[in-house]
Amino acid sequence: AKRAGLFRTACSAGTNSATSKRLGYSQLHDEDEDEGPATTVLDFSNTEERLKNIKDVTRTPVTLLSGFLGSGKTSLLKHILENQEGVRLGVVVNDVAAVNIDAQLIQRYERSGTIEIAELANGCVCCTASDDLVASVQELVNRAYTRPFHHVVIELSGVGEPDAIKRHWDIGVEVGMPATLMTEIKRTIAVVDSSLFGNDWIDSRKATARNEEGSQHSGLETVGQLLAEQVERADLVLMNKTDLATKEELKTTEEVLKALNPDAELIRCTYGKVSPIELLPEIPHGLKYPEFGKGRNFRWAQNPHVLQIRVKVPASTKSKDINFDIGRTWLQIWVKGEPVPRLQGKLFGRLKGIEEWLWELDGEGDDRHVAVFLEKTEEGMWEDLWEKQCPGQPLTEHEPA
């Protein structure tokens, strides 16, 4: 069958005596191609060093979203993308168009190879899952390099097995795949249809008939086993569609869920309307309060007291060519002769001492830049350089030049 996830390890890692390398192999077989499976050599030689190095790295938490067909995963994703409450999300879905995101939120929509990308005005990015899931996550990581996501959410197919994804992620770390080194699976969520789950688990014949992907799923013997595994592996279970369930159905579903996984947190909801703050693991401090960031032609850094901004300018720029317009909560930096500011926008927090500030013109050639040092009114780290964009508010162009 065509690969539907990352890769399948054809044999365990072993030692190559000639090269003293620990090697493994993965194979991808496409049922639509006549040629044999494509084989990739995996190098496990530096696993210990890689695992040691990532201990001190702030990795973006990944949440796996599982659930049987029709449970409401897509509705949940649509809700958190449109109501992210300040959380920057990267989302991997089975079909971007199926999420049906509000057109007013979409800043850019494109296709990159086999991956469709929707960049949203609220800072989130939504992309389709390619045959290689890691490639989709790597696409998200690449696009968020200057402003890392607080979370990445991966929507599994209706027959997706969370344990298989976790195993592949571990192998990715061991062989040094960049996407897995920069992210870490921290939570698994199972979404269930409260009106159907209890009875489906007891008698899965109707669920099997609804399962359009049943022919593609060979890891478990029955749909009932699949339903059980998704719940058993979850840290959090959403009892969705409670409005469609009778009291008896709710009681049956909850009893079955608690029997399958007594340690999981249960949340009841309708239309997948749950706050992302409740759903997702805590944002790592290093992602929520970054020490630095950058844009197309500027970079910034902060500590609890001072904000530093460096903006690139033409190589011939002199000190007399620089103009500033700085207020308590906003700034503009101009270069003489240019019709628009080099940098502009409303800041995340407030400044003090705006009557005078330190600045310098530094660097040469392509690295010619103006550096500005600004003092914060209140001690503390900002979540970003710029204020949070409100839903429906026109997108600010911080670098119009």
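**Stop 1**

Select strands E16 and E17 (residues 330-335): the two pair in the antiparallel sense over 5 bridges. This is a predicted model, so treat the tour as a walk through a prediction. Now pick out Ile-322 and look across to E17, where Val-335 is its bridge partner.

You now have an open sheet of 3 strands in the order E16-E17-E18, with antiparallel pairing. Which strands stand at the edges? They are E16 (322-326) and E18 (343-346). Each has a single partner strand, so one side of each is left without a neighbour in the sheet. Turn the view and follow the twist, which averages 10 degrees from one strand to the next.

A word on what holds such strands side by side. Strands of a sheet pair through backbone hydrogen bonds, either parallel or antiparallel.

**Stop 2**

Next, select strand E10, residues 183-193. How many of its 11 residues are buried? The count is 8, so E10 is largely enclosed by the rest of the structure.

Show strand E4 as well. E4 and E10 run parallel, joined by 8 bridges.

Now bring in E11. E10 and E11 also run parallel, with 5 bridges between them. Select Asp-193 and find Asn-240 of E11 opposite.

**Stop 1: Thr-60**

Stay with strand E4 and select Thr-60, which sits in this strand. Is Thr-60 buried or exposed? It counts as buried, because its relative accessibility is 10% and the cut-off for buried is under 20%.

**Stop 2: the cavity**

Rolling a probe the size of a water molecule over the atoms shows where empty space is left. How many cavities of 30 Å³ or more does a search of the whole structure find? The search finds 1. About 40 Å³ of space lies in the largest cavity.

- Thr-63, Leu-65, Leu-76 and Ile-80, which are among the lining residues
- Val-153, Ile-189, Leu-279 and Leu-280, which also belong to the lining

Colour by element of structure. Strand E4 (60-67) and helix H2 (73-82) are the elements that give two or more residues to this lining. Then colour by class. The lining has 7 nonpolar residues, 1 polar residue and no charged ones.

**Stop 3: from E11 to E12**

Select Met-239 and look opposite to Arg-268 in E12. Trace the chain from E11 through helix H10 (residues 247-260) to E12. This β-α-β crossover is right-handed.

Two residues here deserve a click. Most residues other than glycine have a negative phi, and most peptide bonds are trans.

- Lys-241 has a positive phi, near 60 degrees, and is not a glycine. Find Lys-241 in the loop between E11 and H10. Lys-241 counts as partly exposed, at 23% relative accessibility.
- Tyr-271, also not a glycine, has a positive phi of about 55 degrees. Look for Tyr-271 in the loop between E12 and helix H11 (276-279). Tyr-271 is exposed, with a relative accessible area of 56%.

**Stop 4: helix H4**

Select helix H4, residues 133-143. H4 is mostly covered, with 8 of its 11 residues buried. The buried residues include Leu-133, Val-134, Ser-136 and Val-137. Gln-138, Glu-139, Leu-140 and Val-141 of H4 are buried as well.

**Last stop: Pro-290**

Select Pro-290. Where is Pro-290 found? Look in the loop between helix H12 (285-288) and strand E13 (292-294). Pro-290 is buried, with a relative accessible area of 11%. Pro-290 and Leu-385 are 95 residues apart along the chain, and their C-alpha atoms are separated by 9.4 Å.

Conventions. Residues numbered from 1 in each chain as written. Predicted model: local features only at pLDDT ≥ 70, side-chain atom pairs only at ≥ 80, totals over all residues. Heavy atoms only, no water. 1 Å grid on protein atoms, 1.4 Å probe; cavity = no way out; pocket = protein on both sides within 12 Å on 5 of 7 lines; lining within 4 Å. Points joined across faces, edges and corners; volume = space filled by probe spheres on them. Helix = DSSP H or I, 4+ residues; strand = E, 2+ residues; numbered from the N terminus. Nonpolar A, V, L, I, M, F, W, Y, C, P; charged D, E, K, R; others polar. Buried < 20%, exposed > 50% of the residue type's maximum accessible area, 1.4 Å probe, protein only. Pairing = 2+ DSSP bridges. Right-handed = clockwise from strand over helix to strand, strands pointing away. Axes fitted to C-alpha atoms, helices over the stretch in contact; angles between N-to-C directions.
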